[in-house]
Amino acid sequence: MSIKCEMTINESAHKKLSPVHAKTAMEEAMKETFRELRDQCVLEAPGPGRSRTPNPTGNLRRSHVYEVAVTGGSINAVLKNTARSGGELYWIFLQYGTSKMEPDPFLTRALDTVQPDQKIVERFYKNMGDQK
């Protein structure tokens with residue numbers, strides 16, 4: 001599983017805002033949002049026996065990681081799940097199902113709950129206000 005987000009602070013924003021503050025505010029907004037998304041994926045991911053409990057058990061739940069990196073004027077965030085079974089990434093089988101197993105769209109539920117696109121923008125504006 002991999003969810004990616006790239007944000008670039010454009011030239012018009014550079015003229016209106018301090019580029020350093022804008023970049024810091026966006027980086028923090030993305031970190032906060034992807035941390036929340038990771039935590040929600042852990043809650044929604046089916047554990048052993050396809051149960052959902054607030055305690056992360058099972059390889060799928062332990063394998064959610066996120067990274068936020070700044071490269072030039074861009075900020076990139078990635079949420080990944082590295083859980084494997086027999087060498088295969090198996091989140092996709094749980095999310096979409098197989099011919100013998102019903103889907104359990106844990107990723108869709110997490111995205112619907114967190115709404116990362118909206119949260120990043122809200123947190124960016126909040127962080128910009130906090131930096132004034």
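Helices here are DSSP runs of H or I with at least four residues, and strands are runs of E with at least two.

**Figure 1. The whole fold of a predicted model.** By that count, the protein has 6 helices and 5 strands. Starting at the N terminus, they come in the order β-α-α-α-β-β-β-β-α-α-α. Of its 132 residues, 38% are buried. Among contacts with a separation of 6 or more, 63% link residues 24 or more positions apart.

Figure 2. Take a look at residues 106-114, where Phe-106, Leu-107, Ala-110 and Val-114 are buried. Just past the helix, Gln-115 adopts a positive phi of about 50°.

**Figure 3. Two salt bridges, Lys-31 with Glu-27 and Asp-39 with Arg-38.** The closest N and O atoms of Lys-31 and Glu-27 are 3.5 Å apart. Both belong to helix α2 (residues 19-44), and being 4 residues apart they are separated by about one helical turn. Lys-31 is partly exposed, at 26% relative accessibility. For Asp-39 and Arg-38 the closest N and O atoms are 2.9 Å apart. Asp-39 is partly exposed at 35%, and Arg-38 is partly exposed at 23%.

Figure 4. Lys-80 is partly exposed, at 29%, and Glu-67 is partly exposed, at 44%.

Terms used
Residues are numbered from 1 along each chain as its sequence is written. This is a predicted model: local features need pLDDT of at least 70, side-chain atom pairs count only at pLDDT 80 or more; totals for chains, interfaces and linings use all residues. Side-chain values use heavy atoms; hydrogens and water are left out. Buried means under 20% relative accessible area, exposed over 50%, partly exposed in between (1.4 Å probe, protein chains only). Contact means heavy atoms within 4.5 Å. A salt bridge is a side-chain nitrogen of Lys or Arg within 4 Å of a carboxyl oxygen of Asp or Glu.
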